[in-house]
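The entries follow in the order in which I looked things up.

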Amino acid sequence: MRSRIRSLISIIRLAGLAIATLALWGFATLAKEVLEKETYAFDTSILLTLKELHTPLRDRIMIGFTFLGEPNLLLALCVSLVIILWTQKHRSEATTIALAGVGAVGLNLVLKKVFARARPQLWERAVDVRFYSFPSGHAMVSMVIYGLLGYFLGSRFPKQRWWIYILTILLVAVIGLSRLYLGVHWPTDIIAGYTAGLVWLIACIMSLEVWKQSRSSFPESQEEFLSPNASPEMTDEQSPITHNK
């Protein structure tokens, strides 16, 4: 049983590394195209198509979704989650989400300054925006924070895991779409935000999982984890059924 669990963990880690590598390659390729101004026609055509869908009701809906991706709101959510998790002795998860939030916002600001891409101005905007455009902070930070929150909830409620993951993906996708609909980002900004966010999200999750496994080898540890089966190897070793076999 333990060998199967170890094999599964290894496969998950390898898959995570492969996805992160692919996302990093995608970001680098997209960044090169943006710097060479090869994406303007693609970006403009998509934004003008979305402009045809504008109605007052859809405007209000999209403004609501874009608010859910505000970096300041997500940082406030991070602080709240850190406090809740820390007081409930889920310190590894609390530390992970603190590092994830600060890292995502900090990395996004650095990338924006490096690329210094101007925002689209194809029509009068319904929301006020500042700073540079590439990559999208809403897409990147929401990918990291909501992605990590979805991962935590999926670990805590394994029977509802896939529904949680699907809803998380939909929320992050609609936040990105709202930025395009409102005309404050180029489509390549959103794609780049997602790819960069995915790399950082996977790095945070994998570091947490490695830490969990290392802590499971110390029975005296009093640390608690969100997952009801956070230490499957230790559980097998301590199970009287396993010993009887």
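Entry 1, overall fold. The tally is ten helices and zero strands. I note that the model is predicted. I then looked up burial: of the 245 residues in the protein, 42% are buried. For contacts I took residues at least 6 apart in sequence, and 76% of those contacts join residues at least 24 apart.

I turned to helix α4, residues 71-87, and helix α6, residues 137-156. Their axes lie 10 Å apart and the packing angle is about 25°. Angles under 35 degrees count as roughly parallel, so α4 is roughly parallel to α6. I recorded the crossing of the two helices as left-handed.

I next listed the residues in contact. From α4, the contributors are Pro 71, Leu 74, Leu 77, Cys 78, Leu 81 and Leu 85. On the α6 side they meet Gly 137, His 138, Val 141, Ser 142, Ile 145, Tyr 146, Leu 149 and Phe 152. Sorted by class, this contact of α4 with α6 holds eleven nonpolar residues, three polar ones and no charged ones.

How many salt bridges does the count come to? I found two.

In one of them, Arg 117 pairs with Asp 43, and the closest N and O atoms are 2.9 Å apart. Arg 117 sits in the loop between α5 (91-115) and α6, while Asp 43 belongs to helix α2 (residues 40-51), so the pair ties together parts 74 residues apart in sequence.

Arg 117 also forms a salt bridge with Asp 189, where the closest N and O atoms are 2.7 Å apart. This pair again links distant parts of the chain, from the loop between α5 and α6 to helix α8 (residues 187-216), which holds Asp 189; the separation is 72 residues.

Asp 43 is at 0% relative accessibility, so it counts as buried. Asp 189 is likewise at 0% and counts as buried.

Technical notes
Residues numbered from 1 in each chain as written. Predicted model: local features only at pLDDT ≥ 70, side-chain atom pairs only at ≥ 80, totals over all residues. Heavy atoms only, no water. Axes fitted to C-alpha atoms, helices over the stretch in contact; angles between N-to-C directions. Helix = DSSP H or I, 4+ residues; strand = E, 2+ residues; numbered from the N terminus. Parallel < 35°, antiparallel > 145°, perpendicular 65-115°, else oblique. Left-handed = near helix turned anticlockwise from the far one by under 90°. Contact = heavy atoms within 4.5 Å. Nonpolar A, V, L, I, M, F, W, Y, C, P; charged D, E, K, R; others polar. Salt bridge = Lys/Arg side-chain N within 4 Å of Asp/Glu carboxyl O. Buried < 20%, exposed > 50% of the residue type's maximum accessible area, 1.4 Å probe, protein only.
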